[in-house]
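This briefing covers a predicted model. The points below are grouped by topic.

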Amino acid sequence: MADKTLTIRILTPEGALFEGAATAVFLPGSLSPFEVLPGHAPIISALSAGDVRIVAGPQEQRFAVRGGVVKVKDNEITVCAETA
């Protein structure tokens, strides 16, 4: 059975903004917003300005970014971004 959680890190030039577990992550892709769930295929994508939305069960957190890149692999998400 696949793991049902993701590990996400949001990194900025100032340092780590967030690190934790999530059940879903919504990202502002440069072509279109997209969602990452556990088991997502590996991907590297450019990000546009918008919110990174992290869902962990009933809780949700949002972090504004001004663009950057995201890497998804093996249920680990790394966002390298400028904050708004």
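Asparagine 75 is found in the loop between S6 and S7. Its relative accessibility is 18%, so asparagine 75 counts as buried, the cut-off being under 20%. A polar atom of the asparagine 75 side chain lies 2.7 Å from the backbone nitrogen of glycine 39.

**Nonpolar core**
- The largest nonpolar core has 19 residues, and Ile8, Leu27, Ile77 and Val79 are those with the most contacts inside it.
- At least two residues of this core come from each of S1 (6-12), S2, S3 (24-27), S4 (34-36), S5 (43-56), S6 and S7 (76-83).
- S6 supplies the largest share of this core, four residues.
- Leaving aside residues up to four places away in sequence, valine 79 touches Ile8, Arg9, Ile10, Leu11, Leu27, Leu47, Val69 and Val70.

**Aromatic pair**
- One aromatic pair is found in a search of the whole structure.
- The ring centres of phenylalanine 18 and phenylalanine 63 are 5.3 Å apart and the ring planes are at 45 degrees, so the pair is tilted.
- Because phenylalanine 18 lies in strand S2 (residues 15-22) and phenylalanine 63 in strand S6 (residues 59-73), the pair ties together parts that are 45 residues apart in sequence.
- Phenylalanine 18 and phenylalanine 63 are both buried.

**Charge over a ring**
- Arginine 53 has its charged end over the ring of phenylalanine 26, at 3.9 Å from the ring centre.

Notes
Residues are numbered from 1 along each chain as its sequence is written. This is a predicted model: local features need pLDDT of at least 70, side-chain atom pairs count only at pLDDT 80 or more; totals for chains, interfaces and linings use all residues. Side-chain values use heavy atoms; hydrogens and water are left out. Rings of Phe, Tyr and Trp (its six-membered ring) pair if their centres lie within 6.5 Å; planes under 30 degrees apart count as stacked, over 60 as edge-to-face and the rest as tilted. Buried means under 20% relative accessible area, exposed over 50%, partly exposed in between (1.4 Å probe, protein chains only). A charge sits over a ring if NZ of Lys or CZ of Arg is within 6 Å of the ring centre and within 35 degrees of the ring normal. A nonpolar core is a set of buried Ala, Val, Leu, Ile, Met, Phe, Trp, Tyr and Cys residues joined through side-chain atoms within 4.5 Å. Contact means heavy atoms within 4.5 Å. A polar contact is a pair of N or O atoms within 3.5 Å; within protein, one must be able to donate a hydrogen and the other to accept it, and residues adjacent in sequence count only if both atoms are side-chain atoms.
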